[in-house]
Amino acid sequence: MAESIKILTDKIGIEGIENFDVYRKNGGYKAVEKAIKKMSPDEVLDEVKKSGVRGRGGAGFPMGMKWGFLAKPEGVPRYLVCNADESEPGTFKDHYLMKSNPHLLIEGMIISSFTLGANTSFIYVRGELMYVIYILEKAIAEAKKAGFLGKNILGSGYDLQLVVQPGGGAYICGEETALLESLEGKRGNPRNKPPFPAVKGLYQCPTVVNNVESISTTPWIVLNGGESYSKIGLGRSTGTKLISASGHINNPGVYEIELGLPVEEFIYSDDYLGGIRPGHELKAVVAGGSSVPILPAALILKTADGNSRLMSYESLSEGGFQSGTMLGSGGFIAMDETTCIVRNTWNFARFYHHESCGQCSPCREGTGWMDKVLYRIEHGLGNERDIDLLVDVAKRIEGNTICPLGDAAAWPVASAIRHFRDEFEWHIKYPNEAIKYQAVYKGDMIKV
Amino acid sequence: MTTDTIVFSKELLEKVKEIIGRYPEGRQKSALLPVLHLAQQEYGWVSPEIMDYIASLLDIQPIEVYEVATFYTMFHLEPVGKNVIEYCRTGPCCTMGGEEVYRHLLDKLEIKTGQTTPDGNFTVKEVECLAACGWGPCFQIREKFYTHLTNEKVDEIINDLSK
């Protein structure tokens, strides 16, 4: 394994690390002690700002800045909510992190809550991960017994109650205002903004919502300082990122990488994905979870200008949506030449159709249209106007909805057509070939 | 069945009380999702009578429970089999052959999506991404994940659970 810095996964693999005693023996909760005993909330906030750490849930918004927006009116409670509703297809890093090292998140929650002045904080975990909820609840009970949670933590006078809340199986609840609605016991319909959660969030009180991975960076930042963190990574992509890798690769799994790692090294090095499965070659990559634009192999390895593509917020988005994509949540799905792009695009479109909350017409109706039109192309019933129809529907969804689910549904479809248009045309021109079992367009319009 | 026939056990009621206590005063509606999960674990599914009963426990209107239970896909609004197989049908799992394994599963159980086997042992449902993409194809039965599925592995799991 190459010498690389591990901030989030360094303790994973230690026997029994999910138990408080083992975690504590390995340096756990030292950051809580340092923050609560030796630092003021503003000092912790300063370190987080200096670190430059950006939201790891997908949006990439600087976490320190988000914390700085939190309104602090007198006599009104503030809340911290951890978004552990991880549902973006291709993403399973939070699942892995929470089940492998639950105390890291608890420690991060204590530090973050202390900084924000929250006395009740929530971890909203998707309901399917009930076993992870039990792991977290056990860890919370242990931390409470040891005096790191509850009343008067470490004799500081600071109180914190930590609650794990199960979701109910709705992708939309990963959107922060939908998550807050859900936490209030309602349907997960995203709210109009403004007001932003920092002003009116949970129970109409100021609230910060952060991803599991983002919160889990705070213990390291407190112990080592924000400046040290900012020196890791590349430019404005500071620190490390968990990448969930799936698809046709030799070593699927969760990897902690230093931001700025070349994509080519990430895919082909034995330290990471170990290349594409034997006898096959890379065709396309969805680099940041199903919502981000799909890129053909050539454009994921090198930008349109011929520069080596790096795993960073900036490099992955180089070229805009014409020839670039996004780091997103770090759900890296690699596909080899056996993958039918039309089928895959239809699959994702069906997902967004299923998960649209139904509030905004462009998304509710548009995702349904895209699902149905892609279904008929894939099943040999497409007509020549369908491709332009899809592009048109995608355009009419994008930017016209309350929350980003509409955009997330439009981008995979628009980008698949942008980069693999001939594959769609082949399905329409040669439906009898396209509907054959596991048929894939091989790049030759006439012969099959 | 009327509302009166549904009564949680003493243990369950205590658990409900503990859950309500997690939220600030007057915010007991936040307990709705956890309590729905609790009820489903107890009864296997969430009937209208159970929903009415939960509404009375949380001091909210029955409609507030219905609209939530119908929004979230994890809640079974009809009776289901003993083992509910929730099979991931989303992209990354399909990339790894999820569709073929799914067809095998349905053939093996001789049912269609959404149906229950005549002996009441299995119900099969399609679900969206379970956040286990690197370990796919996968399905879930209650809290347990079954990953890296193949036809052979599916046979094994079904045979084990049929005993």
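B:K29 has a relative accessibility of 16% and so counts as buried (buried is under 20% relative accessible area, exposed over 50% and partly exposed in between, with a 1.4 Å probe and protein chains only). The model is predicted, with local features needing pLDDT of at least 70 and side-chain atom pairs pLDDT 80 or more, while totals for chains, interfaces and linings use all residues. Residues are numbered from 1 along each chain, chains are lettered from A in the order written, and side-chain values use heavy atoms, without hydrogens and water.

B:K29 forms a salt bridge with B:E64, their closest N and O atoms lying 2.8 Å apart (a side-chain nitrogen of Lys or Arg within 4 Å of a carboxyl oxygen of Asp or Glu). Over all chains, the count comes to 35 salt bridges.

In chain A, four strands form an open, parallel sheet in the order 3-2-1-4 (strands are DSSP runs of E, at least two residues, and helices of H or I, at least four, numbered from the N terminus; pairing takes at least two DSSP bridges). Strands 3 and 4 of chain A stand at the edges with a single partner strand each, so one side of each lacks a neighbour in the sheet.

Helix 3 of chain A (residues 41–51) has the buried residues A:V44, A:L45, A:E47, A:V48 and A:S51. These fall within an arc of 160 degrees seen down the helix axis, so they line one face (the arc is taken from directions from the axis to the C-beta atoms).
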